[in-house]
Amino acid sequence: SATWFFPSFSHSESLWPVEARNAAIANHCFTCAINRVGEEHFPNEFTSGDGKKAHQDFGYFYGSSYVAAPDSSRTPGLSRSRDGLLVAELNLNLCRQMSDVWNFKMTGRYEMYAQELAEAIKPNYSPTIVKE
């Protein structure tokens, strides 16, 4: 049996299986989670703003690309270590069906969000803090 070694991953890897699913559900549409595989190194050094010394290593990409549907289902992910191509058949009627069932957009308070955002971008903005 083969033993696979994967370098330590960033904190985002545990979120990868759900990121596109969350977007698909909230927006009632299909989403694609696309990620490359392997490592990338740049010819010029750069810093990451983390206080560490400049380096050329951009990091390791963990692949696992997939397509998510608005009903929270998803395709199996591609390889974590090899290039691949994912072909998926999408039933676009599912977008409307989930919109009708879950009604997120109908119950959203978009005017309120817009008003709050307009206040939050003002230079003298001070958030309202509610303590229990």
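Colleague: Buried or exposed: which is histidine 28?
Modeller: This is a predicted model, in which local features need pLDDT of at least 70, side-chain atom pairs count only at pLDDT 80 or more, and totals for chains, interfaces and linings use all residues. Residues are numbered from 1 along each chain as its sequence is written, and side-chain values use heavy atoms, with hydrogens and water left out. Buried means under 20% relative accessible area, exposed over 50%, and partly exposed in between (1.4 Å probe, protein chains only). Histidine 28 has a relative accessible area of 5%, so the word is buried.

Colleague: Where in the chain is histidine 28?
Modeller: Helices (H or I, at least four residues) and strands (E, at least two) are DSSP runs, numbered from the N terminus. Just after H1, histidine 28 takes a positive phi of about 55°. Its place is the loop between helix H1 (16-27) and strand E1 (31-33).

Colleague: With which side chain does the side chain of histidine 28 make a polar contact?
Modeller: A contact means heavy atoms within 4.5 Å. Beyond four places in sequence, histidine 28 has contacts that include Pro70, Cys95, Ser99 and Trp102. A polar contact is a pair of N or O atoms within 3.5 Å; within protein, one must be able to donate a hydrogen and the other to accept it, and residues adjacent in sequence count only if both atoms are side-chain atoms. At 3.4 Å, the partner of histidine 28 is serine 99.

Colleague: How far is the sulfur of cysteine 95 from the closest cysteine sulfur?
Modeller: A disulfide is a pair of cysteine sulfur atoms within 2.5 Å, and the whole structure has zero disulfides. Cysteine 29 is in no disulfide. Cysteine 95 is buried at 16%, while cysteine 29 is partly exposed at 28%. The closest sulfur to that of cysteine 95 is in cysteine 29, too far for a bond, at 6.3 Å.

Colleague: What span does H1 reach from its first C-alpha to its last?
Modeller: The expected span of a helix is 1.5 Å times one less than its number of residues. H1 has 12 residues, for which 16 Å is expected. Close to that, H1 reaches 18 Å.

Colleague: Which residues of H1 are buried?
Modeller: An α-helix has 3.6 residues a turn, so residues three or four places apart point the same way. The buried residues of H1 pack against E1, strand E3 (55-62), E4, H2 and helix H3 (104-107). They are Trp16, Ala20, Ala24 and Ile25.

Colleague: What is the relative accessible area of asparagine 35?
Modeller: Asparagine 35 lies in the loop between E1 and strand E2 (37-46). Leaving out residues up to four places away, it touches Trp16, Phe61, Tyr62, Gly63 and Ser65. Asparagine 35 counts as buried, with a relative accessible area of 16%.

Colleague: How many residues apart in sequence are the parts that arginine 80 and glutamate 13 tie together?
Modeller: A salt bridge is a side-chain nitrogen of Lys or Arg within 4 Å of a carboxyl oxygen of Asp or Glu. Arginine 80 and glutamate 13 form one, at 3.0 Å from N to O. Arginine 80 lies in the loop between strand E4 (66-68) and helix H2 (93-102), and glutamate 13 in the segment before H1, so the separation is 67 residues.

Colleague: How many salt bridges are there by this rule?
Modeller: Side chains of opposite charge can pair when their charged atoms come close. Glutamate 40 meets arginine 36 at 2.5 Å, and lysine 122 meets glutamate 119 at 3.0 Å. Lysine 122 is partly exposed at 38%, as is glutamate 119 at 37%. The count of salt bridges comes to four.
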